[in-house]
Amino acid sequence: MMPWIKKIHQWASLLIGLQILIWVTSGLIFNVIDHKKARGNAYRQTVIAEQSTLANQARLPVESVLKLYPATLELNQVSILAQPYYLLTQKQALYRHFVNSYHIVDAITGELTLVDEPFAKAIAKASYNGPGNIKSVALIAPPIADFLKNKNPSWQINFADDLATSVYVEQGSGRLVGHSNSDKRFADFFFMLHFMDYGSVGSFNTIQMILFAFITLWLMLSGLIWTLHILRKGQYRLKNF
Amino acid sequence: MENNAIKATQTKAKTIRKKPLKIFKLSHKLHKWLMLFIGAQFVIWSVTGAYMVFFDIDYIHGDSLIVSPQSKIKAENLTYSSLALFQHYPRAKNLSVGMLINREVYRFNIAKQAFIIDAQNGEPLSPLNKSTAMNIAKHLYTGDGEVLNAKLITTNPHFGLSARHLPVWQVNFDNFASPSLYISVNNGKVVSKRHQLWYLFDWMFRLHIMDYGDDEDVSNWLLFFITSLAFFAVFSGLILTYFKVIKPIIISGRKNRDSAKKVRRKKTLSFGDKS
């Protein structure tokens, strides 16, 4: 039986040995990096979700807005850049980062508002307290490399600063998706390696991961039996060291 | 003479192989001894890691336990006007209109307190009573199991539930892995969903990152110490793989090629002889 155990161990190590080294190395990196920095929020400031001081009665009554947009699942009073809007959810997923669909309606004029480039830039700037200016803007369809889990088209606003900060604003809702920068990308790279997410799908439940995890079980089990075998035969002797 | 010749070839072979053998021996010792002490953690990493990747993370999160209902608001059902609402609750903020199962409702906050009002008649629906909470849970639940029971949690939530969601109704279903839905008492929304495999996943993660405290901290010293040793254990293992698997393949490949060449040469020679 032992020859088989040894063969399994050797061949499994040939198949997945390099990935094991990658797992241990990336694991060590997660252990030592600054997780606060890795969040990518170095230049993010909280936009105080300040409800505009506008009295409720000064807004358009919700009934009239809902009559105009009959396919609405939920209406929410929101404020974007301290201005009152109604956010109408047209298609609702379980989470905000799944595929959703919205209308934004000005709560005073009733005008349908689109998050265009200048609007997205203003939202991004309000959340940013770093030293850089806006360098470039692009509308990105998912997958978004910096936020793989977000499945909605988003504006990417790039700032010229030492960390190459990018701010993402969801096109449909004007919601701030988040900030990303070189520190976050560094950590994300090692997460990609650790999760074997070589196709960048933002998941660790991939075929290659499951297959390698399965082979790893064989490698570790055969290694365990081998170690016990060496122990039982009394071959762990300090003299031999 | 003959003996000397054999000796000479032997020493020659030794001098050539001396360096690689030293690396092999060192790696062998390192791998053998390090794995004696930290091999158990490798087994834990592989078992916990396999659990985490074999089960779909969305399933672990309980995403498949509930539907996201797509019932639309009928504006004509808002017979209790928002104007009346604001007159009655002048300090209402963050108003929203949505559905509670199949009726239109207003949700809003006064200070930090959330409220639900029936949009047809202005009747307060919050705090939710037990039967309404159970109806909401049944309406959203995707499984076929019956509701076992429901209990109100107002303080000291267990570790899988965030305190900011309180108070909630925990509605338990009679299905595999004991699923529970948590319904906010004040806004009637599902704030959390759990089943036993989630708790198991949480334990697997703690074991994976070697956090034996309770703050799920990846930056702990134990992990640093063991992972650093693990790096050398794996690296030496890879060197052994080279000597024990890769090199024999190369050598046997070369031998095969050489012998094939020899055979070919012999054949051509014999052909040559004939002609």
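Trainee: Two residues are in contact if their C-beta atoms, placed from the backbone, lie within 7 Å. Which residues does A:Tyr85 touch, not counting residues up to four places away in sequence?

Mentor: A:Tyr85 touches A:Val78, A:Ser79 and A:Ile80, then A:Ile104, A:Val105, A:Asp106 and A:Ala107, and also A:Thr113. Before we go on, a word about the model: it is predicted, local features need pLDDT of at least 70, side-chain atom pairs count only at pLDDT 80 or more, and totals for chains, interfaces and linings use all residues. Residues are numbered from 1 along each chain as its sequence is written, while chains are lettered from A and ligands numbered from 1 in the order in which they are written.

Trainee: Thanks! Which residues have the most contacts inside the largest nonpolar core?

Mentor: A:Tyr85 is there again, together with A:Leu66, A:Tyr86, A:Val169 and B:Tyr106, in a core of 42 residues. Strand 2 (residues 83–91) of chain A gives the largest share of this core, 4 residues. A core here is a set of buried Ala, Val, Leu, Ile, Met, Phe, Trp, Tyr and Cys residues joined through C-beta atoms within 7 Å.

Trainee: What lies apart from that core?

Mentor: Another core, of 22 residues, including A:Phe212, B:Met35, B:Leu223 and B:Ile226.

Trainee: Okay, zooming out. How many helices and strands are in chain A?

Mentor: Chain A has 5 helices and 8 strands. Both are DSSP runs numbered from the N terminus: helices are H or I, at least four residues, and strands are E, at least two. Read from the N terminus, the order in chain A is α-α-β-β-β-β-α-β-β-β-β-α-α.

Trainee: Why is chain A described as more spread out than a compact globule?

Mentor: Because its radius of gyration is 26 Å, well over the 18 Å that the globule rule gives for 241 residues. That radius is taken over C-alpha atoms, and the rule is 2.2 Å times the number of residues to the power 0.38. Along its principal axes, the C-alpha trace of chain A spans about 85 × 40 × 30 Å.

Trainee: What percentage of chain A is buried?

Mentor: Buried residues are 34% of the 241 in chain A. Buried takes 20 or more other C-beta atoms within 10 Å of the residue's own, exposed 12 or fewer, and partly exposed is in between, with C-beta atoms placed from the backbone. As for contacts in chain A with a separation of 6 or more, 53% are between residues 24 or more positions apart.

Trainee: New topic: how many residues does each chain give to the contact between A and B?

Mentor: Chain B gives 49 residues and chain A gives 48. On the chain B side, helix 1 (2–54), helix 3 (82–88), strand 1 (93–100) and helix 6 (221–274) each give two or more residues. Helix 6 of chain B gives the most, with 14 residues.

Trainee: And in what sense do strand 1 of chain A and strand 1 of chain B pair?

Mentor: Strand 1 (residues 74–80) of chain A and strand 1 of chain B pair in the antiparallel sense, over 2 bridges. For pairing, DSSP has to find at least two bridges. A:Asn76 has B:Ser96 as its bridge partner in strand 1 of chain B.

Trainee: Last one: is B:Thr155 buried or exposed?

Mentor: B:Thr155 counts as exposed, because it has 7 C-beta neighbours inside 10 Å. B:Thr155 is in the loop between strand 4 (147–153) and strand 5 (168–173) of chain B. B:Gly213 is 58 residues from B:Thr155 along the chain, and their C-alpha atoms are separated by 23 Å.
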